[in-house]
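Let's take a friendly walk through this model, starting with its ligand and moving on to the backbone. Please keep the viewer open as you read.

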Amino acid sequence: MIFVDACFGKKTPYTPIWMMRQAGRYLPEYMKVRGEAGDFLSLCKDPQKACEVTLQPMDILGVDAAILFSDILVVPLEMGMDLRFVKGEGPIFDNPIKNEADLDKLVVEEAAQKLVYVYDTIKLIREKLADDKALIGFCGSPWTLATYMIEGSGTKTYAVVKKLLYSNPEFMHKILKKVTEVLKLYMSKQIESGVNAVMIFDSWAAALEESAFFEFSWEYMKELSSHLKSKYPNIPIIMFPKGISGYLDKIDGDFDVFGVDWSTPIELAKEKLGDKYVLQGNMEPTRLYNQSAIKEGVDKIVNVMQNNRHIFNLGHGILPDIPVENAKYFIKYAQESTKI
Ligand code: CP3
């Protein structure tokens with residue numbers, strides 16, 4: 001698999017490419033299946049339909065890897081939290097964690113079992129996906145999941161979760177530990193069901209100052225990745241802490257690929273981490289509105305990375321109103337520009 005080879009830093013005939021949120025609302029085919037499922041969460045819980053939308057971008061765009069169709073928030077959902085997706089507002093947990101009793105109610109082993117629809121989706125995808133294409137499994141980082149579980153929704157200030165972090169760090173750690181335990185079980189089951197690589201999304205990394213990032217987020221991501229590496233050394237691990245370009249000097253750990261968001265200069269990531277880790281990213285997602293902006297963005301990244309220790313991707317998810325022909329152009333142009 002060209003994608004797995006690239007994750008391990010092997011030379012590949014061209015730089016493999018996929019896009020975060022590649023199965024999503026910019027594709028009319030996705031909207032049709034989501035409509036049939038009723039809503040987004042029902043789609044996540046329906047292995048046949050989740051498999052179908054996972055495979056759509058393989059055929060439509062010709063990307064080099066599939067990413068499991070699901071969401072990071074199914075983990076807190078199955079731990080026992082009430083999750084709703086509200087149009088225009090995003091995810092909402094009606095009963096956020098406020099105290100020890102709220103945390104004690106949440107389950108660990110049972111959550112990993114209840115996520116069986118994800119494992120069933122993975123098995124179906126692996127049956128249908130071409131043998132040379134990798135399937136990427138994923139989860140949210142403990143910190144990003146805990147942020148949602150404590151705030152109850154997306155947030156601009158992170159005031160609720162950071163108030164807790166600074167006023168009761170022991171309790172914050174207790175929450176993070178519990179989430180990490182679920183993720184160890186969940187990601188092991190994803191791997192045993194057939195994913196060929198895993199990615200840990202730390203979307204809210206940049207909410208934290210440096211010392212807090214390493215103590216409350218990166219430590220737990222590293223614990224999860226070391227656990228998985230020791231059990232499954234052949235499964236590459238991608239870490240994606242978004243927006244922490246100022247902290248790159250202190251990044252270490254037992255993983256293979258570092259996801260570079262769009263705001264981090266690729267030269268900087270290469271200088272600080274390029275020898276230790278393969279880099280993934282970092283195309284600015286809104287360049288996809290315009291084909292000459294795509295060309296310019298790809299040329300710049302190719303010029304720095306030279307088809308070496310790199311996986312092409314956006315620096316964050318594709319937006320819902322990107323024209324499909326521009327997404328196709330990005331994939332094709334990146335693949336052709338990096339051919340040996
Ligand atoms: O990348 C993929 O194609 C795989 C599927 C995937 C989804 N969410 C599907 C989805 C992945 C990897 C995620 C990760 C995820 N989910 C993250 C981390 C990455 C990031 O974006 O920073 C986060 C923070 C979430 C939580 C989440 N899920 C939010 C905030 C939202 C609403 C915002 C939005 O974009 O609408 C979702 C919904 C969601 N997850 C959609 C998709 C395709 C849109 C749902 C729909 O309306 O169809």
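How many Å separate an oxygen atom of the ligand from an N or O atom in the side chain of Tyr30? The distance is 2.5 Å. The protein covers 87% of the 870 Å² of accessible area that the ligand has on its own (areas are from the Shrake-Rupley method with a 1.4 Å probe, and for residues only the protein chains shown count as cover).

A word on the model itself: it is predicted, so local features need pLDDT of at least 70 and side-chain atom pairs count only at pLDDT 80 or more, while totals for chains, interfaces and linings use all residues. Residues are numbered from 1 along each chain as its sequence is written, and side-chain values use heavy atoms, with hydrogens and water left out.

**Around the ligand**

The largest pocket is the space taken by the ligand. On a 1 Å grid over the protein atoms alone, a pocket is an open set of points where a 1.4 Å probe fits, with protein on both sides within 12 Å along at least five of seven lines; a molecule sits in one if more than half of its atoms lie within 2 Å of its grid points.

| Residue | Protein atom | Distance to a ligand oxygen |
|---|---|---|
| Arg21 | backbone N or O | 2.6 Å |
| Gln22 | backbone N or O | 3.2 Å |
| Tyr30 | side-chain N or O | 2.5 Å |

**Backbone details**

Arg21 is in the loop between α1 (2-7) and α2 (28-37); helices (H or I, at least four residues) and strands (E, at least two) are DSSP runs, numbered from the N terminus. Phi of Arg21 is positive, near 60°, in a residue other than glycine. Arg21 counts as exposed because its relative accessibility is 53%, where exposed means over 50%, buried under 20% and partly exposed in between.

Asn307 is found in the loop between α14 (291-305) and β9 (310-314). Is Asn307 buried or exposed? Asn307 is buried, because its relative accessible area is 13%.

For a cis peptide bond, look at Gly281 and Asn282, where omega is about -5°. Asn282 lies in strand β8 (residues 278-283).

**Inside the helices**

In helix α9 (residues 142-151), 10 of its 10 residues are buried, including Trp143, Tyr148 and Glu151. Gly152 follows α9 and has a positive phi, near 85°.

Thr180 belongs to helix α11 (residues 169-193) and is buried, with a relative accessible area of 1%. A polar atom of the Thr180 side chain lies 2.6 Å from the backbone oxygen of Leu176.

Leu228 sits in helix α12 (residues 210-231) and is buried, with a relative accessible area of 1%. Between the C-alpha atoms of Leu228 and Ile251, 23 residues apart along the chain, the separation is 18 Å.

Definitions and conventions:
Polar contact = N/O pair within 3.5 Å; in protein donor to acceptor, adjacent residues only side chain to side chain. 1 Å grid on protein atoms, 1.4 Å probe; cavity = no way out; pocket = protein on both sides within 12 Å on 5 of 7 lines; lining within 4 Å. Buried < 20%, exposed > 50% of the residue type's maximum accessible area, 1.4 Å probe, protein only.
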